[in-house]
Amino acid sequence: MHQPDSTHRSSTSQAEPWVRLFTEGDALYDEMLRDIRSATSAIRLESYILASDDVGEAFLSTLETMGEAGRTVIARADYVGSWGSLSTSRMQELKASGVQWHWSRPWTWRAPLSFNRRNHRKLLVIDDRIAYVGGFNIHRQSSRRSIGIERWRDTHVRFTGPLVQDALALFDRFPRPSRVRWPEFPNGIRLVPNDSHRCRHLLRCAFNAHFQAAQERIWLTTPYFVPDSRTQSKLCAAAERGVDVRVLVPEKSDVRITTWAAQAAYAHMLRSGVRIWEYEPRMMHAKTIVVDRHWATVGTANFDYRSFFLNDELNLLVDDAEFNLEMAQQFESDLLESTEISRLRWKGRSWNALVAEAIGWWARRWL
């Protein structure tokens, strides 16, 4: 099993960034805080959940300190995701220290429907040198020091190099659509949002293109597996032509109805040869895909309607054999703590499970 803070240099080009993979929250948070304290000019932070608990407070206090020291500090949290996690008085304290605080898409009478589109991104940019992106929110649920062995299992990356400029541009441009478009990034390493001014379903297009081209394997980890019909078809078609298609989902989910929606698709996918595992020890919150021996992605996008069609998301897409191998090794390690769902077992499920699946599938577009 690889170390959660391993580092490698991409072999795709001399200009490509260093990428470091994290699968433990405490190691990630410690490194993020060290980098924040090293900032010489600006700190940009956005998170779906930014809580003022024992984990989040370390970040809030450090941001305050850096703001008082004269650094430009911009913090952005999703209005729904962080609802109830930050008090008004705490936000006022942040602002008083010089932190520029913003809620992502708060509800307003002028644009009530925009409330349904959430900023699900988790992005940290230090000066123009370092950036982080991935599935970890900033809260105690992902910290072993805070809650022990039940902490959430997740994946995040730290990267440096020219790609940090893209992270800066994507942060500063929000909430306006990016200028990236598919297929501008078929190879190399790219930081890709799920929408742009030319394509509203950017990540979904990228994923499906790689599924269609896959020749050996597609290994997918997601906490919420509710693919649309076209994406389901791409995965099933890959399995039917002999590609090793594996899906890893949590056995313990924090949103039960999403599990019901996912299970409604299992029968069809199992018949096509897709293999499905349930991760048993704790909540699996990682969002990763490995395709063949060269391509992989880590990011904020779940494998569901909301991430594909509604929310603001951000993924790192990496075309590099070394990074692909590292991701594949982590996937195999996670399978050792998982149970595969067999077709025979699935055929024998109870009638109330079928009812739950029907409810979840009906609600899949709003989950």
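In this predicted model, the side chain of Asn194 comes to 2.5 Å from the backbone oxygen of Asn311, and a polar atom of that Asn194 side chain also lies 3.0 Å from the backbone nitrogen of Glu313. Asn194 itself belongs to the loop between β9 and α6. With a relative accessibility of 1%, Asn194 counts as buried, because the limit for a buried residue is under 20% relative accessible area.

The contact is a salt bridge in which the closest N and O atoms are 2.8 Å apart. Asp195 is buried, its relative accessible area being 8%.

Side chains of opposite charge can pair when their charged atoms come close, and further examples are found elsewhere in the model. A total of 24 salt bridges is present in the structure. One of them joins Arg90 to Glu57, with 2.6 Å between the closest N and O atoms. Because Arg90 lies in helix α3 (residues 88–96) and Glu57 in helix α2 (residues 54–68), this pair ties together parts that are 33 residues apart in sequence. The two partners can also be described by their accessibility: Arg90 counts as buried at 9% relative accessibility, whereas Glu57 is partly exposed, with a relative accessible area of 25%.

Another salt bridge is formed where the side chains of Arg118 and Asp78 meet, at 3.2 Å from N to O. Since Arg118 is placed in the loop between β5 (99–104) and β6 (123–126) and Asp78 in strand β4 (residues 72–78), the pair ties together parts that are 40 residues apart in sequence. Arg118 counts as buried at 4% relative accessibility, and Asp78 counts as buried at 0%.

The helices that hold Arg90 and Glu57 may also be described as a pair. Two packed helices are described by the angle between their axes and the distance between the axes. For α2 and α3, the axes come within 8 Å and cross at roughly 30°. This angle makes α2 roughly parallel to α3, because angles under 35 degrees are counted in that class. The crossing in which α2 passes α3 is left-handed.

Helix α11 (residues 321–335) consists of 15 residues, and the span from its first C-alpha to its last is 21 Å, close to the 21 Å expected at 1.5 Å a residue. At the start of α11, a side-chain oxygen of Asp320 reaches to within 3.2 Å of the backbone nitrogen of Glu322. Asp334, placed in helix α11, counts as buried at 3% relative accessibility. The C-alpha atoms of Asp334 and Leu248 are 8.5 Å apart in space, although the two residues are 86 residues apart in sequence.

Several features of the backbone are considered last. Most residues other than glycine have a negative phi, and most peptide bonds are trans. Against this background, the peptide bond from Phe174 to Pro175 is cis, with omega near 10°, and Pro175 lies in the loop between α5 (163–173) and β9. A positive phi, near 50°, is found for Asp127, which is a residue other than glycine. Asp127 is located in the loop between β6 and β7 (130–134), where this aspartate is buried, with a relative accessible area of 4%. Asp292, likewise a residue other than glycine, has a positive phi near 55°. The loop that contains Asp292 runs between β14 (288–291) and β15 (295–299), and Asp292 is buried, with a relative accessible area of 9%.

How values were computed. Residues are numbered from 1 along each chain as its sequence is written. This is a predicted model: local features need pLDDT of at least 70, side-chain atom pairs count only at pLDDT 80 or more; totals for chains, interfaces and linings use all residues. Side-chain values use heavy atoms; hydrogens and water are left out. A salt bridge is a side-chain nitrogen of Lys or Arg within 4 Å of a carboxyl oxygen of Asp or Glu. Helices (H or I, at least four residues) and strands (E, at least two) are DSSP runs, numbered from the N terminus. Buried means under 20% relative accessible area, exposed over 50%, partly exposed in between (1.4 Å probe, protein chains only). The expected span of a helix is 1.5 Å times one less than its number of residues. A polar contact is a pair of N or O atoms within 3.5 Å; within protein, one must be able to donate a hydrogen and the other to accept it, and residues adjacent in sequence count only if both atoms are side-chain atoms. Axes are lines fitted to C-alpha atoms, for helices over the stretch in contact, and angles run from 0 to 180 degrees between N-to-C directions. Angles under 35 degrees count as roughly parallel, over 145 as roughly antiparallel, 65 to 115 as roughly perpendicular and the rest as oblique. A crossing is left-handed if the near helix is turned anticlockwise from the far one by less than a right angle, and right-handed if clockwise.
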